[in-house]
Amino acid sequence: MKKRARSIFPQADGECFLCARLERYPRYHKHLEAHHIYYGCNHSQSDRYGFLINLCAHHHRGDQMGNKDAVHSEDKNDYGDYIKRWAQAEYEKTHTREEFMEIFGRSWL
Ligand SMILES: [Zn+2]
Ligand SMILES: [Zn+2]
C-alpha cells in the first residue's frame, strides 16, 4: 500500500492557501481539498514529495459554472501558475534548482 505524503508546506487548520493570500474571502473553512501543485503528468511526483496545498472548494474546482477563481477552472487564470512559482521558490530555500528539476523536469521560475 502506498503511503500518502504529507504536504511539505505547513498551513493552519482550516486555511485555504488562496483565501489567506487574497484576503478576499473568509480565510477559514470547514471543508478543504488537497490540491496537487504540479498536476497533470506531475501529479504522482507532487504526491510523493508532498507538493500539496489545501484549497477551499471555490478556489479548487473548475466544474462550477462561471467559477473563474478556481485553480482547475477552464477559464484562464493565473492562480495555478502563481502556486507553482510560490512552491518552487519555497522549496529552493532549502534545496537547489537542480534538485527541483530532477523531480519535475522543468523550472517555473
Ligand atoms: Zn479559498
Ligand atoms: Zn487540484
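Start by selecting A57, which lies in helix α3; helices here are DSSP runs of H or I with at least four residues, strands are runs of E with at least two, and both are numbered from the N terminus. This is a predicted model, where local features need pLDDT of at least 70, side-chain atom pairs count only at pLDDT 80 or more, and totals for chains, interfaces and linings use all residues. Residues are numbered from 1 along each chain as its sequence is written, chains are lettered from A and ligands numbered from 1 in the order in which they are written, and side-chain values use heavy atoms, with hydrogens and water left out.

A57 is buried, with a relative accessible area of 18%; buried means under 20%, exposed over 50%, and partly exposed in between, using a 1.4 Å probe and protein chains only.

**The zinc ion**

Pick ligand 2 next. Its protein donors are H35 through ND1, H60 through NE2 and H72 through NE2, lying 2.1 to 2.2 Å from the zinc ion. Donors are N, O and S atoms within 2.8 Å of the metal (3.2 Å for Na, K and Ca), and water is not among the atoms, so sites may look incomplete. Along the sequence, the spacing reads H-x24-H-x11-H. H35 sits in strand β1 (residues 32–36) and H60 in helix α3 (residues 57–60), so this pair ties together parts that are 25 residues apart in sequence. H35 counts as buried at 1% relative accessibility, and H60 does too, at 12%.

**The aromatic rings**

Colour F9, F17, Y38, F51, Y82, W86, Y91, F100, F104 and W108: they form one aromatic cluster. Rings of Phe, Tyr and Trp (its six-membered ring) pair if their centres lie within 6.5 Å; planes under 30 degrees apart count as stacked, over 60 as edge-to-face and the rest as tilted. The count comes to 14 aromatic pairs.

Zoom in on Y38 and W108: their ring centres are 4.6 Å apart and their planes at 35°, so the pair is tilted. This pair links distant parts of the chain, 70 residues apart, with Y38 in the loop between β1 and α2 (43–49) and W108 in the segment after α5 (97–104). Y38 is buried at 1% relative accessible area, and W108 is buried at 15%.

Then try F100 and F104, whose ring centres are 5.1 Å apart with planes at 45°, so they are tilted. Both lie in helix α5, four residues or about one turn apart. F100 counts as buried at 0% relative accessibility, as does F104 at 6%.

Which ring has the charged end of K84 over it? It's Y39, with the charged end 4.8 Å from the ring centre; the rule asks for NZ of Lys or CZ of Arg within 6 Å of the centre and within 35 degrees of the ring normal.

**Out to the loop**

Click G40, found in the loop between β1 and α2. G40 is exposed, with a relative accessible area of 54%. Select R27 as well: G40 and R27 are 13 residues apart in sequence, yet 27 Å apart in space, C-alpha to C-alpha.
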